[in-house]
Amino acid sequence: MDEKKAKPEKPAGVVKAAKQEESAEPIYTGYDSDCFIERQDLLNAVQKLDQAGFFLEDVSCMHITEGFHLVYHFDRFDQPGRMGLRVVLDRENPEVDSISEIYPGASWHERECFDFFGVRFTGHPNLIPLLLDPDFEGPPPLLKEESALKDLNHLYPDRGHTGISPESADFTREINNCSNQKSRNKS
Amino acid sequence: MSSMDLRLDTSGDYYARKFQPTKREDTLILNMGPQHPSTHGVLRILLEIEGEYILRADPVLGYVHRMHEKMGEVMSYPQYYPNPPRTDYLHALAWNWAHVAAVERLMGIEVPERAEYIRVITCELNRITSHLLWWGAYLLDLGAFTPIMYSFDDRERIQDILQRITGSRLTYCYYRFGGVSDDIDDRFVEDTRRHCAVMKERFKMFKSLVTDNFILRKRVEEIGEIPLETCRKYGATGPVLRGSGKAYDVRRAEPYSVYDRFDFNIPAYDTCDAMGRYLVRMDEMQESIKIIEQALDTLPEGDYIHPKAPKRPKPPVGDIYFALEGARGKIGIHLVSDGGKSPYRIKLRAPGYSNLSLFSEVAQGTLISDAVSILGSLDLVIPEIDR
Amino acid sequence: MIKTLRETIGGLWSLLVGMKITAINFKSPEITVHYPRQVVPDLEGFRGHIELVPKEDDPFKSKCTACSNCVRICPTSCISMKAAKPKKKEAPAAEAEGSQEPAAKKPKAKPEPVLFELNFNYCSLCGLCVQSCPTNALRFSDDVYLAGFTRQEFVFDLLARLQNQAQKKEQ
């Protein structure tokens with residue numbers, strides 16, 4: 001059926017994305033481009049996306065064996081295409097820079113992650129409970145039990161999990177090629 | 001004893017204390033909500049006011065938080081069917097669709113064409129009911145009582161049509177992995193056609209009664225201006241964004257289902273004010289009718305659900321982000337599967353959440369009565385925001 | 001001055017248009033239904049709580065084979081069921097519990113429910129139980145005006161309900 005949207009073609013340089021495409025299990029991923037980045041590079045990368053005209057869809061967090069996996073979803077109005085920025089935080093110190101300076105709309109998404117997972121966002125202007133009761137005691141509700149945790153290799157097989165630098169040519173190419181235009185013409 | 005304590009304690013609750021630090025002596029902290037009628041549910045907004053003017057505003061959420069995301073993790077995929085429609089009960093079918101479609105795409109379940117058409121028709125009907133309710137309730141906020149009576153008349157008729165097929169009137173749970181739960185019949189087609197014709201006449205009446213009304217224009221024009229850049233920074237979508245001049249609609253931008261086969265416009269107004277958002281929604285209802293009529297004309301025969309659709313799906317490992325256009329904006333579902341019978345993580349993106357987050361910026365410097373107008377023009381459904 | 005005048009005229013015009021529409025609608029027939037003196041005529045498709053479907057040949061017995069698919073699929077676990085094979089030892093116990101009398105007649109030891117309870121307080125009317133039933137033994141009731149004062153009133157014994165319905169039919 002036409003609903004199956006193939007991922008746009010990737011330049012040969014981005015090996016891991018191409019690899020995932022070949023495994024072809026989930027055909028439609030909803031991501032036109034997604035990459036892991038290192039924790040300290042986040043602000044830099046988001047800045048680049050901001051300049052490229054992206055808006056923030058949401059910040060999704062999940063609890064994994066390594067710690068926490070944050071996915072920032074970005075999309076564009078003029079040239080639609082979803083970009084996923086993946087950041088892995090370690091278990092002992094789940095802390096990452098807040099992007100609410102660049103995208104004020106991220107403020108609530110980050111507060112939600114703080115609520116549900118206990119992830120702290122440094123530089124957040126108002127990191128207080130948003131959806132949960134401030135008197136709520138106990139561990140954050142979306143933390144999983146140790147036995148239920150899965151690691152990155154299980155959840156995202158067949159791809160590298162090391163971050164690419166936002167300064168690299170790869171990253172710029174990911175941004176430039178982030179578009180669902182091709183598949184749109186096809187359907 | 002306790003009443004004494006209450007009287008002495010002027011610091012307020014946790015959120016009021018956090019909101020407190022103000023250097024000025026002549027301002028007042030006002031709690032708007034959580035039971036304020038204009039907040040459409042249980043939204044509380046902390047306001048710092050000087051006279052009638054708002055200096056700062058901070059929404060407080062979570063009064064109807066139900067943790068749908070956790071429920072998704074403990075229930076199997078089909079068991080989660082009734083949950084997403086209950087987040088946004090006004091456009092329930094869109095949420096139903098988002099959940100179903102995410103799983104379908106993750107597993108590669110094929111959906112028969114007829115089912116896709118039925119989905120489009122019912123989802124658009126539901127969009128009209130949502131906008132009609134917003135229309136009535138918004139005008140109620142602004143002090144006009146009669147319109148909600150007219151809008152409910154039309155809305156109830158659409159609900160009658162949908163009830164015959166789906167069995168419910170509000171929190172529909174109609175779509176299934178691989179199709180829909182029941183086929184539509186000739187009477188549904190007939191009723192829908194007839195009602196579409198009625199609605200077209202009604203829109204003319206709505207326009208002369210309300211849209212062209214002098215008082216309404218005074219209350220919405222040049223109120224709550226949201227520049228496009230603010231929309232982008234906050235991730236606002238749907239009519240809020242289109243009321244700021246950007247014709248961005250997920251049905252066009254990321255075409256899903258069979259939307260690319262229909263001819264419809266995406267209304268956008270670049271006035272950026274409440275009137276722009278109002279007009280977008282009024283036009284959108286007419287576009288929805290256009291889509292429904294086209295879909296009814298070209299409704300194919302066939303199965304309404306794929307005969308081999310899995311009853312107990314177990315999607316392969318992977319994650320997926322599926323977005324579609326709800327009545328309030330972009331509904332997104334981020335689904336992570338570890339190969340088990342329930343999701344590893346399901347994240348719901350509620351459009352109202354992002355739309356409301358820009359309120360504190362927009363409300364600055366406006367009158368309280370205008371803030372009511374702005375809140376209404378954002379079309380909030382609190383259970384969707386709180387999830 | 002001219003602006004004020006124009007505004008006044010604009011306001012008056014809006015008023016007139018509004019009055020005209022109100023007048024037109026005033027003449028149109030009434031659309032509200034005055035419950036309880038009137039009831040809504042057409043409620044096709046209404047989904048009330050679930051009930052058991054009787055067998056074609058015996059209205060006192062349900063089609064249910066006690067496979068407990070509905071119990072497992074229910075998102076809110078609001079169905080509770082106990083099954084028994086009528087031929088086996090539990091059969092007398094099942095009868096004592098108020099099950100069907102002709103149960104022992106059946107030569108094949110097909111399991112059947114001896115208890116089928118629905119806690120309607122938690123039901124979200126998703127219809128998964130009805131759809132997952134292999135023998136179509138469940139259907140939605142059409143009691144629109146269901147109301148009660150306590151939560152206990154919404155815990156339904158569906159087997160008893162089936163008996164009542166069958167008795168009413170016989171009369």
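Me: Are K330(B) and D75(A) buried or exposed?

Reply: Happy to take a look with you, and please keep in mind that this is a predicted model. Both K330(B) and D75(A) are buried, each having under 20% relative accessible area. The two form a salt bridge, and their closest N and O atoms are 2.7 Å apart. Because K330(B) sits in strand 7 (residues 330-337) of chain B while D75(A) belongs to strand 3 (residues 67-76) of chain A, this pair joins two chains. As background, side chains of opposite charge can pair when their charged atoms come close.

Your pair is one of 53 salt bridges that the structure holds over all chains. For a view of others, stay with chain B. There, D160(B) forms a salt bridge with R169(B), with 2.9 Å between the closest N and O atoms. D160(B) is partly exposed at a relative accessible area of 40%, and R169(B) is also partly exposed, at 27%.

Another pair to look at is E190(B) with R194(B), a salt bridge whose closest N and O atoms are 3.9 Å apart. These residues are four apart in helix 8 (residues 186-211) of chain B, so about one helical turn separates them. E190(B) is partly exposed, with a relative accessible area of 48%. Salt bridges can also link up through shared partners: E124(B), R127(B), R242(B), D249(B), R251(B), E284(B) and E325(B) are joined into one network in this way.

Terms used: Residues numbered from 1 in each chain as written. Chains lettered and ligands numbered in written order. Predicted model: local features only at pLDDT ≥ 70, side-chain atom pairs only at ≥ 80, totals over all residues. Heavy atoms only, no water. Salt bridge = Lys/Arg side-chain N within 4 Å of Asp/Glu carboxyl O. Buried < 20%, exposed > 50% of the residue type's maximum accessible area, 1.4 Å probe, protein only.
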